[in-house]
Amino acid sequence: MGDLPGLVVTGASGRMGQTLIRLAQGSDKLRLVGCVERAGHAWIGRDVGEATGGALVGVKVTDDPLEAFAKAQAVVDFTSPAATVEFAALAAQARAVHVIGTTGLEAAHLAKIEAASRHAVIVRAGNMSLGVNLLVRLTQKVAQALDADWDVEIVEAHHRMKVDAPSGTALMLGQAAADGRGIDLEEARVSGRDGITGARERGTIGFSAIRGGDVVGEHDVIFAAEGERIVLRHLATDRSIFARGALRAAIWGQGRKPGQYDMMDVLGI
């Protein structure tokens, strides 16, 4: 096991963090060597196996990412934009593959992540699942085939605890539709509607977000024209699909040249 790439999971106590830890413990391609949480968290100093309600695994949760990353070849990160930017710089310093599933990243965050990718491998995606990445590619192909007489609407649903909207996956899908049409997403984007909005502007890409319950993730891409509609849909029922994709990316990134990659690269689609 000692020759397997060492993995650090950030945001260890979160939904995705715990799922990643569980899957990493059962992996024959990675070994869990570190878990990171924010300073003051109740898990700091505890064995992560015990903290997650299981047996001891010999890995203690720390609030020192630099120390954790120094012994890792991969970092998987589903946290917050500010934390992810900090982790990107530290992972690059450690020359560890940094897999980023964090959403809600803005231009300033992306610029810092791009700078870090000059020194290390970064795999960043708004969604790590095979099915969603296939949906992204299909969305691009359909948008390319249809003109602006076909309205594009992206509808997504997630659990009540999700803090950003539209979801990172919805934005991936919107970008795919924009790329297919050769237009700028930010110029075409319409997020939510309220009040007297007037008629829909031709060529725009609409986004709607639903939040409630424990919905893992649902995404519809609707192409609507006079008399007909095409609906592309992906339903996620288990968040482990995202964790499995992230671990696959961590393994894929080993030995790659520094740069920023996405799940299309990892999956070869």
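Colleague: What makes the pair of side chains of His-158 and Glu-156 a polar contact?

Modeller: The two side chains come to 2.8 Å. A polar contact is a pair of N or O atoms within 3.5 Å; within protein, one must be able to donate a hydrogen and the other to accept it, and residues adjacent in sequence count only if both atoms are side-chain atoms. The pair of His-158 and Glu-156 therefore counts as a polar contact. This is a predicted model, in which local features need pLDDT of at least 70 and side-chain atom pairs count only at pLDDT 80 or more, while totals for chains, interfaces and linings use all residues. Residues are numbered from 1 along each chain as its sequence is written, and side-chain values use heavy atoms, with hydrogens and water left out.

Colleague: Why is His-158 called buried?

Modeller: Its relative accessibility is 8%. Buried means under 20% relative accessible area, exposed over 50%, and partly exposed in between (1.4 Å probe, protein chains only). So His-158 counts as buried.

Colleague: Where is His-158 found, and what is it in contact with beyond its sequence neighbours?

Modeller: His-158 is in strand 7, residues 151-158. Helices (H or I, at least four residues) and strands (E, at least two) are DSSP runs, numbered from the N terminus. Leaving aside neighbours within four places in sequence, the contacts of His-158 (heavy atoms within 4.5 Å) include Ser-167, Ile-210, Arg-211 and His-219.

Colleague: Why does Thr-139 count as buried?

Modeller: Thr-139 has 0% relative accessibility, so it counts as buried. This residue is found in helix 6, residues 130-145. Apart from neighbours within four places in sequence, Thr-139 is in contact with Leu-173, Ala-176, Ala-177, Val-221, Phe-223 and Leu-232.

Colleague: Is Ser-129 buried or exposed, and why?

Modeller: Ser-129 counts as buried because its relative accessibility is 3%. Its place is in the loop between strand 6 (121-124) and helix 6. Not counting residues up to four places away in sequence, Ser-129 touches His-234, Ile-241, Phe-242 and Leu-267.

Colleague: What covers the buried residues of helix 1?

Modeller: The cover includes strand 1 (6-10), strand 2 (31-36), helix 2 (48-51), strand 4 (74-77) and helix 9 (240-252). Helix 1 spans residues 15-25, and Met-16, Leu-20 and Ala-24 are among its buried residues.

Colleague: Why is Arg-95 called exposed?

Modeller: The relative accessible area of Arg-95 is 55%, so Arg-95 is exposed. Arg-95 sits in the loop between helix 4 (81-93) and strand 5 (97-100). Its phi is near 55°, a positive value in a residue other than glycine.

Colleague: Which peptide bond is cis, with omega near -10°?

Modeller: That is the bond from Ala-165 to Pro-166. Pro-166 lies in the loop between strand 7 and helix 7 (168-181). Most residues other than glycine have a negative phi, and most peptide bonds are trans.

Colleague: How many helices and strands are in the protein chain, and what makes it as compact as a globular protein of that length?

Modeller: The chain has 10 helices and 12 strands. Its radius of gyration is 20 Å, close to the 18 Å from the globule rule for 269 residues, so the chain is as compact as a globular protein of that length. The radius is taken over C-alpha atoms, and the rule is 2.2 Å times the number of residues to the power 0.38. Of the 269 residues, 49% count as buried.
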